[in-house]
Amino acid sequence: MKRFITPDNSRWAQLAGLVLAIIGLCGFWLTRDVERVTLTPEQQALVNPAGEDFHASFVVAGRDYDIDSYASPCEWDGDTCVREHAGTFRLGGRTDTILYVNIAGDDLSLIAIPRDVWLPQWKARINSMYGYQRAEGLKRSVEEIVGVPIDYYAIINIDIFEDLVDAVGGVEVNIPYDMYYRDNAAGLVIDFDEGPTHLSGSDAAKFVRYRNTRRADYDRIDNVKRLAYALLARVKELNVRAVGTVPALVDSFFKDVETNASPALVRQILPRLARLRIARTATLPTEEIVLEDGSQVLEYRPEAVEQFLASTLGGTPRALVEPPAATLLITNRSGEEGLETWYRERLITLGVPEERVITRSASTDPGPSRLLATGRHWRDADFYSALLSAGKVQMDSLPIVGRQQADLEFVLGHDAAAIPGRNGAAALAETQRE
């Protein structure tokens, strides 16, 4: 591990490495293809409004380091850090930098997903999902947040940042102001003069870590954007067709990236790299909330996210229908304990009032999941049928549970057991404590 990377401050170095990983280079070393998602017309109008022939989406995340052994503070000898105990670090399960990336034609858009976004169905922050459910689980969580399916994931080790910048011979960046800072925890010195500067991999990592300004993290994000544009310009300058054959670059990819992207994707992206531009960079809108234990997390609202995606990507927001004024009973017949709670909390996250959702468990049913509705609430069932991708069945009557009359009933059958329920959430919480 590079000597200046530490768990507390590595996520900004991750951001710069992530940007390079997503501009089309993250598939050189892979051998398998994945089935690309097919968007509905409404989804297409939201994320690819121009109907470009080429469209792909990614979740790109950077793995953080955990401390294996204690590192003592620096004793400075000039600009050299001297430690009594050097300390050791290991790659952990947290992904403190998470991006939703949308490529439509020649335009690339980056949307940052804050690491403290709260997932109520898991009782956890989103940066814990990779540690528990690995890359596919993290991708599913981001899909739920943005409300559209995603094709690919790319999970990078932060070491890729230095390796890739060095592999392309460094980048030219206009330093916006003088920078000087001694980082005791990381054991490094950041020292740059304002103006055009050639940055090596280690220099570039320092550049995006600097936050000793009045706006702190906001200025850091601006510097990440500056570096992103410089990286893309450098790749174009070198002609990426030739760069892709450089053994050092390919070795860096192979070592530092976990992805389901394929050579087929690379073949599609390479011809357009000379035209590819970073069109938009933004951060998902969230609100700060305080949990019962006093911890602060971030909450997202589907309606706000929908409007945000439309304004960011130039698309048309989908009409989000209000939940019907009907009581939904979720009956767990899947055989997996606690799964009804998972679905209830997911629906609440999506905007269904919690007083309208009740649950119960019952004997195992070998049939598929389905939505039951009386004739009176047949039209109300359409909302949940579309939301849960479940067929609906008309019934003469539905049960009363806890003195509440069920107007609709969602029966969890054998196919619902593939989604982790309460036991999965408990395991995730245990992972967080570790």
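Strand 1 and strand 6 (residues 97-104) are paired in the antiparallel sense over eight bridges, where two strands count as paired if DSSP finds at least two bridges between them, and where helices (H or I, at least four residues) and strands (E, at least two) are DSSP runs numbered from the N terminus. Within this pairing, Ile103 of strand 6 is the bridge partner of Ala56. Strand 1 also pairs with strand 10 (residues 152-157), here in the parallel sense and over six bridges, and Asn157 of strand 10 stands opposite Arg63.

This is a predicted model, in which local features need pLDDT of at least 70 and side-chain atom pairs count only at pLDDT 80 or more, whereas totals for chains, interfaces and linings use all residues. Residues are numbered from 1 along each chain as its sequence is written, and side-chain values use heavy atoms, with hydrogens and water left out.

Nine of the nine residues of strand 1 (residues 55-63) are buried, so the strand is largely enclosed by the rest of the structure; buried means under 20% relative accessible area, exposed over 50%, and partly exposed in between (1.4 Å probe, protein chains only). Both faces of strand 1 are covered, with His55, Ser57, Val59, Ala61 and Arg63 buried on one side and Ala56, Phe58, Val60 and Gly62 buried on the other.

In helix 11 (residues 339-349), the buried residues include Leu339, Trp342, Tyr343 and Leu347. After helix 11 comes Gly351, whose phi is positive, near 105°.

Positive phi values also occur in Lys123, which is not a glycine, and in Arg134, likewise a residue other than glycine. Lys123 lies in the loop between strand 8 (118-119) and strand 9 (124-125), while Arg134 is found in helix 3 (residues 129-146). Their values are listed below.

| Residue | Phi | Relative accessible area |
|---|---|---|
| Lys123 | about 55° | 43%, partly exposed |
| Arg134 | near 60° | 38%, partly exposed |
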